[in-house]
Amino acid sequence: MIKAVMMMNTQGKPRLAKFYDYMPVEKQQELIRGVFSVLCSRPENVSNFLEIDSLFGPDSRLVYKHYATLYFVLVFDGSENELAMLDLIQVLVETLDKCFSNVCELDIVFNYSKMHAVLDEIVFGGQVLETSSAEVMKAVKEISKLEAASNSISLVPKSVSGWRGR
Amino acid sequence: MGSQGGFGQSKEFLDLVKSIGEARSKAEEDRIVLSEIDILKRKLLEPDVPKRKMKEYIIRLVYIEMLGPDASFGYIHAVKMTHDDNLLLKRTGYLAVTLFLNEDHDLIILIVNTIQKDLRSDNYLVVCAALNAICRLINEETIPAVLPQVVELLNHQKEAVRKKAIMALHRFHRKSPSSVSHLISNFRKRLCDNDPGVMGATLCPLFDLISEDVTSYKDLVSSFVSILKQVTERRLPKSYDYHQMPAPFIQIKLLKIMALLGSGDKNASEIMSMVLGDLFRKCDSSTNIGNAILYECIRCISCILPNPKLLEAAADAISKFLKSDSHNLKYMGIDGLGRLIKISPDIAEQHQLAVIDCLEDPDDTLKRKTFELLYKMTKSSNVEVIVDRMIDYMISINDNHYKTEIASRCVELAEQFAPSNQWFIQTMNKVFEHAGDLVNIKVAHNLMRLIAEGFGEDDDDADSKLRLSAVESYLQLISEPKLPSLFLQVISWVLGEYGTADGKYSASYISGKLCDVADAYSSDETVKGYAVSALMKIYAFEIASGRKVDVLPECQSLIEELLASHSTDLQQRAYELQALLALDSRAVETIIPLDASCEDIEVDKELSFLNGYIQQAIESGAQPYISERERSGMFETTDYHPQDHHEVPSHTLRFEAYELPKPSVPPQASTELVPVPEPSYYSESHQPISTSLVSERESSEIKLRLDGVKQKWGRPSYQPTTSASSTTQQAANGTTSHSDGGVGSSSSKPRSSYEPKKPEIDPEKQRLAASLFGGSSSSRTDKKSSGGQKPAKGTVNKPATVPKENPTPVQPPPDLLDLGEPMATTVSTMDPFKELEGLMDSSSQDGGSNDVMGLYSDAAPVTTTTSVDSLLSELSDSSKGNSRTYQSQTSKGPNTKEALEKDALVRQMGVNPTSQNPTLFKDLLG
């Protein structure tokens, strides 16, 4: 199963971190730092795989991909296929790209809950749930629509107009 | 910005993110975060926070907590938000609680009710949010509260809900299998769901279930196969395609399941072979995901019963992986090779060079994977090369975790396959020297045992040679600064036992060295203890052989220092040593017999030799001894018994101790009797003294000794016996395994001097050009002689070697240079990096570009290889494209060296290993 999904920028600031088994906050921080220090010591043009038993316990692997200023990281155990995980990152990024039309680091920071919504459609409780980015997009759009609808009913009257961005 | 539609943020949040992003130092960031926490704390306490404001605060809290600080003050607000009717707020609340809380958190109880309600909601998004939360927040106790509803949702009309319900159930199964054991049939049912997404999701729990219990799912084999067939035939909706592959993730999951079901099952394997063959044909190896499926097929084939056709296809796929430029694929190739090699060991041969390339790769991950492969294919014929490689790599890395692992692997391989004891000791020395603090203490004890017992063949001469060589190597190493403690213990022990045994070194020389050790590592009591015991043995042997003993002044002062030591253990050793020095030779010989560390010591557990004394005492009016059982029986009546039962765990005064002198569990008894639990290292050196002293001096000063027997000496001596007997047992195992290696070693000895060369040469590609052929031509003849061991291989390979020797004459100067070296250097001590440096130097003379070379030889070994490697890979890349352009390119290059050229040439040959040189790495791979 997948143990964790992380996104961090090239300076090591976490942008999104989701652990599928509970970790205390300090442990999360430690792991994020540990992963980052491993990643930033990797030279260019090497494989995207790492065995990371030292941080996540026996039989832990890590797949990462570097996009512009962001590292996308998946940590998982022996029951997953490394190359497939690499493609899962690809799915995630493709989906985000569709969501935010040309995704960049800031989108991820500012759309925290949407990020999680996307991720939850793809990985669910540590298992790969959906790998078709079209399907994910459909689900996320539906969520946004319904959320917006429920918003306008209950919130708009008392809210300051125009708070909803755009 | 369109991206923010529907997820509006306030200016404050944007500012916060921005200012954190712009923070120049960690301190500044911390300050911003802390002040944000203050603000949030204040704001959350305000009455009547508008809901949408609250939502934003929660998001900010989540963000803050991700950056590190604790945001627990806001958890309750997140929980409250899940109660909200508004979908957006509810989802935000759920998101926050899943990130904040764990399943055992106190606040969970407030959420369970909401979850129950939400699972019944008409709005499927609410249901999904609740299911999402379940995965994270439900523990064993709360599973029953939501289970019925989740089961109901398995039949929900929306496939998204069904999918998630299955996953939730799967999660329950992981958390507490018993809670859902009656529902497992649901997974089977959902496998037939008409939505492929749901079917795909069902594979996850099924995979888990099948890996736990294969037999009860054998009936599903044909279903899985037919699903896989349908998927590959593109029967699924187009939307499941990914990079033109039909539902690759489902395929991979299915292949994983099939691997489980097919292992050791002939029928299942046969059913699968068809579809697997199809997959190989259809798979598109140009995309990443296609390769993922190919790899999964390889894995599956390596698990099911071997089928020659499939194995061939798998081998083809592996060679494609290995030849690819992508490190990822190489990694997968090496992994696949490691799997297939168990079934058909021959396939490694054609990939020898690729494997060596991976070993030399700058990519650490790949390197480690390759070491794993080598570890898997180690035999007694190639153990030296592989272990040497491993040790070199072990020395070069800093990662303690991996260092430990590789050290233990080295030890394991060395113990299993060691061709000679000499080599074993040398290897162990290296491991200890560089990773001594990381290896298990057992390893040290094994090493000591091996030195003490020797080969196991009754060849005393060889044994004493072995010991002498160990002593010599230790005397060399002992003055190195900062040796690991464990290694020093071994050194001290061996020097004590065998330092003077051969007569080559004088007692005063050895004891001086031992005093130096005790001096230099004065903070390490264990080492000191070992050193003192070693001193004692040295002096005892001297006294026993009738020589006059001059205690060195530094030794004298050491003893005096230790007499006042805070450590009772050291103190006692010092006193013993002092007492021993005053004894006559006959007594000493009985106390510490020469080379008796492996002798079993019989312990008289009844202490029957004291009977006479006891009799005497009783006659003179002493109270007879009342056994423990009798006494505790008495205590029982006085209500004492339950209490001391109670006391046992916490206090040192364990009355129970006397109850259990069952001979079968002596160690227990010993700890109970000895107030200070003796460290285990104590036993080895100590055991001979304790018993013999006791037995010998029973008549004189018995009283004192008797105390000793009870308090400190008597019981510990039980422990040694057990350990001694277990050691001998282990030793028996050890010797058998060694003799395996030993059989080969006599004949493989001469081979060993060449063996390391070839693989090392080869990876170091420069060398390859020059010394490989030269070296191998001599090794060739050699191998013929030793080839008798594996006649089949030897004969097959011999003809193939002939063409290989042709290039030799082409090699000019480096040939000579390198040829000399390999002949001179022997066996395992070669450092490939040094060789490389040497080579670089020599080639620099050829090329004449001295500056660059100077740089190389000065640079750290690692960087040297990397740079060479990259150079080479450039060369070979171009060479692959067109050998002619490669020729011209290399001659154009500013610092092209002949050696490199040749090297690339060889490499080129290696990349497409036709019939040119299949025996190249026979030793390593065959």
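Analyst: The term means a side-chain nitrogen of Lys or Arg within 4 Å of a carboxyl oxygen of Asp or Glu. This is a predicted model, where local features need pLDDT of at least 70 and side-chain atom pairs count only at pLDDT 80 or more, while totals for chains, interfaces and linings use all residues. Residues are numbered from 1 along each chain as its sequence is written, chains are lettered from A and ligands numbered from 1 in the order in which they are written, and side-chain values use heavy atoms, leaving out hydrogens and water.

User: Where do B:Arg573 and B:Asp569 lie in chain B?

Analyst: Side chains of opposite charge can pair when their charged atoms come close. Here B:Arg573 and B:Asp569 are 4 residues apart in helix H29 (residues 568–581) of chain B, so about one helical turn separates them. Helices are DSSP runs of H or I with at least four residues, strands are runs of E with at least two, and numbering goes from the N terminus.

User: Is B:Arg573 buried or exposed?

Analyst: Buried means under 20% relative accessible area, exposed over 50%, and partly exposed in between (1.4 Å probe, protein chains only). B:Arg573 is buried at 1%, and B:Asp569 is buried at 7%.

User: Which residues do salt bridges with shared partners join into one network?

Analyst: That network holds A:Glu51, B:Asp335, B:Arg339, B:Lys369 and B:Glu372. Within it, B:Glu372 and B:Lys369 meet at 3.8 Å, N to O, and both lie in helix H19 (residues 364–376) of chain B.

User: Which parts does the B:Glu296 and B:Lys256 pair tie together?

Analyst: B:Glu296 pairs with B:Lys256 at 3.3 Å. B:Glu296 lies in helix H15 (residues 288–303) and B:Lys256 in helix H13 (residues 248–262) of chain B, so the pair links parts 40 residues apart in sequence. B:Glu296 is buried at 1%, as is B:Lys256 at 3%.

User: How many salt bridges are there between chain A and chain B?

Analyst: There are 8, including A:Lys13 with B:Glu29 at 4.0 Å, N to O. For the contact itself (heavy atoms within 4.5 Å), chain A gives 71 residues and chain B gives 79.
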